[in-house]
Amino acid sequence: MLKVLFIASECTPFAKTGGLGDVVESLPIALRNRKIDARVIIPKYENIPAEFKKEMVHKKTFTVPVAWRQEYGGLEILKHEDSTYYFLDNEKYFKRAGLYGYYDDGERFTYFCRGVLESLPYMDFQPDILHCNDWHTGMIPLFLKVFYWNNPFYQNIKTVLTIHNLKFQGIFPMEILGDLLGLDDSYRGDEGVEFFGNVNFLKAGIVHADRITTVSESYAEEIKTDYYGEKLNGILKKYEGKMQGILNGIDYKKYNPETDPYIYENFRCSSVKKEQNKVKLQEDMRLPVRPEVPVLAMVSRLTRQKGLDLLIHIIDELLNEDIQLIILGTGEWKYEQALREAAERHPQKMKAYFMFNEPLAHKIYAGADLYLMPSLFEPCGLSQLIALRYGTLPIVRETGGLKDTIISYNEQMGVGNGFSFANFNAHDFLFTIKRALDFYHNRKPIWNKLFKNAFKANFSWTSSAQKYIKLYEDLYGG
Ligand code: ADP
């Protein structure tokens, strides 16, 4: 049986800030269901819920070299719902609030990369493949070659790097090259870790991983261009031969309107039950309870990526319509402020909650009619897939994974599962919302058909897990 270790900075239900956390839980589950022994390791963060921490079993204490430092390493193991999770324990680096955003993130994730490699011999599990995710794990393919090449335990291990978001690269001053990474000057330059005079973790991963994947086919193409390439397009183009796009899925058991314990009323393709969810949501949000009014929603990081500038630009015009708007998100202060002010101007029509709240997120997906996702760029996007699963029609900008998953309703052909627009333009977005509202109010048969199409869409892991298996087999067999 092929053995794959997923290495990441997030994994639900232990730690999550976005889609990465969902994928690192659900893809290994899908692989295990297909006879791959897939396990996961993440840092042992302070914020991991106590119910999980108290079930963890300490497996080994060892030392982790971080250049000249010798740091503590603790390997903890947890069996949870038939899956095996490992946690790398070091209180100096991970006993803090939240996951990221510390001045020493470079040191914390250098430690994590070395620590994971050091911990492998103590897992009772010798992986064939290390599946790294995003910049936090980008140094692993390079460290494996530099520090472990002559250790027989590591010699046959292959590496895959999945880029979930090219925007985040892990860029730090060149001083860390020797002082933290323990690398000499020969690792500077194009084939090393250097990126415009700094160290770039993701670039190191791109250069040194055996294979690279990214989370949709469109994004795999887009990131080779200047516009989307975040200055790494040159290097990605160079290594395109080992790169492919594989669309993310979502866990259809976890996001299941028939059984979801968080939503008000469980339902299956029933507009009546969906309306009951909407009414309860309106009550909870202290919005006027009006089932006939369309509810528009967004559950998102509040960043430029997610198209907040477009929404804020047209928000008053939008709220002139007979609609309700619910936003759940955390992120940049300027967006929170603008949304807070808009909600104050339109108290009967808009609510905005600035927190991370999984149960509320599910209630919103289930109770809303339309889901807004006007992203500037979108590697894959899970939110639109979750929305579809709950019969909430997405309105998206045609980029990355949004382009690959949402088919804008085409009146001639009668096909579609949502609405989309091409240009990053606020009034194109508003026009598309108005088009959707017209179907909602005036063309119910079409609306109902789209609602059914949303339910029929299948974005579970079925097909994508198979693609990963093929990739692993090619890599390992080859
Ligand atoms: P990204 O990973 O870029 O943030 P995705 O659409 O891929 O975007 O995934 C976002 C995930 O995080 C979804 O599961 C979404 O529901 C969830 N999410 C985002 N913000 C919040 C929040 N404030 N509360 C609860 N869940 C959230």
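Author: What follows sets values against cut-offs, one label at a time. This is a predicted model, where local features need pLDDT of at least 70, side-chain atom pairs count only at pLDDT 80 or more, and totals for chains, interfaces and linings use all residues. Residues are numbered from 1 along each chain as its sequence is written, and side-chain values use heavy atoms, with hydrogens and water left out.

Reader: What makes lysine 59 and aspartate 124 a salt bridge?

Author: A salt bridge is a side-chain nitrogen of Lys or Arg within 4 Å of a carboxyl oxygen of Asp or Glu. Here the N to O distance is 2.7 Å. That is within 4 Å, so the label holds. The whole structure has 34 salt bridges.

Reader: Which parts of the chain does the pair of lysine 59 and aspartate 124 tie together?

Author: Lysine 59 is in strand S3 (residues 57-66), and aspartate 124 is in the loop between helix H4 (105-119) and strand S6 (129-133). The two parts are 65 residues apart in sequence, so the pair ties them together. Helices (H or I, at least four residues) and strands (E, at least two) are DSSP runs, numbered from the N terminus.

Reader: Why is lysine 59 called partly exposed, and what is aspartate 124 called?

Author: Buried means under 20% relative accessible area, exposed means over 50%, and partly exposed is in between (1.4 Å probe, protein chains only). Lysine 59 has 33%, so it counts as partly exposed. Aspartate 124 has 63%, so it counts as exposed.

Reader: How do you know that lysine 16 and glutamate 358 form a salt bridge?

Author: Their N to O distance is 3.7 Å. The cut-off is 4 Å, so the pair qualifies. Lysine 16 lies in the loop between strand S1 (3-7) and helix H1 (19-32), and glutamate 358 lies in helix H13 (residues 358-367). These parts are 342 residues apart in sequence, so the pair ties them together.

Reader: What about glutamate 292 and arginine 290?

Author: Their side chains meet in a salt bridge at 3.0 Å, N to O. Glutamate 292 is partly exposed at 45%. Arginine 290 is partly exposed at 31%. Elsewhere, shared partners join Lys16, Asp22, Glu25, Lys254 and Glu358 into one salt-bridge network.

Reader: Why is the pair of tyrosine 365 and tyrosine 390 called stacked?

Author: A pair of aromatic rings is described by the distance of the centres and the angle of the planes. Rings of Phe, Tyr and Trp (its six-membered ring) pair if their centres lie within 6.5 Å; planes under 30 degrees apart count as stacked, over 60 as edge-to-face and the rest as tilted. Tyrosine 365 and tyrosine 390 have 6.5 Å centre to centre and 25° between the planes. The angle is under 30 degrees, so the pair is stacked. There are 31 aromatic pairs in the structure.

Reader: Are tyrosine 365 and tyrosine 390 buried or exposed?

Author: Tyrosine 365 has 4% relative accessibility, so it counts as buried. Tyrosine 390 has 0%, so it counts as buried too.

Reader: What makes phenylalanine 451 and phenylalanine 455 an edge-to-face pair?

Author: Their ring centres are 5.1 Å apart and their planes stand at 80°. That angle is over 60 degrees, so the pair is edge-to-face. Both residues lie in helix H17 (residues 444-456), 4 residues apart, so about one helical turn separates them. Phenylalanine 451 and phenylalanine 455 are buried.

Reader: How do you know that arginine 96 sits over the ring of tyrosine 102?

Author: A charge sits over a ring if NZ of Lys or CZ of Arg is within 6 Å of the ring centre and within 35 degrees of the ring normal. The charged end of arginine 96 is 4.8 Å from the ring centre of tyrosine 102. Lysine 363 also lies over a ring face, that of tyrosine 264, at 5.6 Å from the centre.
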